[in-house]
Amino acid sequence: EEQPDIPITVLTSRKHQENENIQEPWDETYLSYWRAYVSDSDPGEVRIVVQWAKETKAMPIHDRWCLSAVSGLRLGTSTNSIGMGKDSEISDISPTDFPGIAARVDKHLHGKVTTVSGEKVLSKSFDLG
């Protein structure tokens, strides 16, 4: 509500969609969830990118970050695990580490990663807004 014009992109895995029983078509399921549990307002410019290795359906990236155009946070656990009893870390990404992390994520978001460990990488993206 405060900054509706800030674009948000989420990179996630097919395996996570299956583990959380998120039904296809994902765009309809995500938008229904948004309307029911988040807000009856438009979600704004939100893009979801689901990526997976063809055979394992795993995400080629394991780490979790929140990135802006110039800085970011490193999350030492999934957002679902924060405050659930185990110690975890949230820290600033150093200015020297940020360009490499941002470039790596950008390659995934724009389909420039086509194989990981010999497996073809597949991707599907959709907008909520």
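**Contacts and fold**

Modeller: In the protein, 68% of the contacts with a separation of 6 or more come from residues 24 or more positions apart; contact means heavy atoms within 4.5 Å.

Colleague: What should I know about the model before reading on?

Modeller: This is a predicted model, where local features need pLDDT of at least 70, side-chain atom pairs count only at pLDDT 80 or more, and totals for chains, interfaces and linings use all residues. Residues are numbered from 1 along each chain as its sequence is written, and side-chain values use heavy atoms, leaving out hydrogens and water.

Colleague: Fine. How many helices and strands does the protein have?

Modeller: Three helices and seven strands. Those are DSSP runs numbered from the N terminus: helices are H or I with at least four residues, strands are E with at least two. Along the sequence the pattern reads β-α-α-β-β-β-β-α-β-β.

Colleague: Which strands form the open sheet?

Modeller: β3, β4 and β5, in the order β3-β4-β5, with antiparallel pairing. The edge strands, each pairing on one side only, are β3 (64–67) and β5 (90–92). From one strand to the next, the twist averages 25 degrees. By pairing I mean that DSSP finds at least two bridges between two strands.

Colleague: And how many bridges between β4 and β5?

Modeller: Three, with β4 covering residues 72–75. L73 stands opposite D92 in β5.

Colleague: Which helix lies across β3 and β4?

Modeller: That's α3, residues 98–109, running at about 100 degrees to β3. Axes are lines fitted to C-alpha atoms, for helices over the stretch in contact, and angles run from 0 to 180 degrees between N-to-C directions.

Colleague: Switching to β7: what does β2 do with it?

Modeller: β2 (residues 46–53) and β7 (residues 119–127) pair in the antiparallel sense over seven bridges. In β7, K124 is the bridge partner of V50.

Colleague: And β6, how many bridges join it to β7?

Modeller: Two; β6 is residues 115–116, and the two strands run antiparallel. V116 stands opposite E119 in β7.

Colleague: Which residue has a positive phi in that hairpin?

Modeller: S117, near 50 degrees, in a hairpin with two residues between the strands.

Colleague: Last one: what share of the protein is buried?

Modeller: Of the 129 residues, 26% count as buried, meaning under 20% relative accessible area with a 1.4 Å probe, protein chains only.

How values were computed:
Buried means under 20% relative accessible area, exposed over 50%, partly exposed in between (1.4 Å probe, protein chains only).
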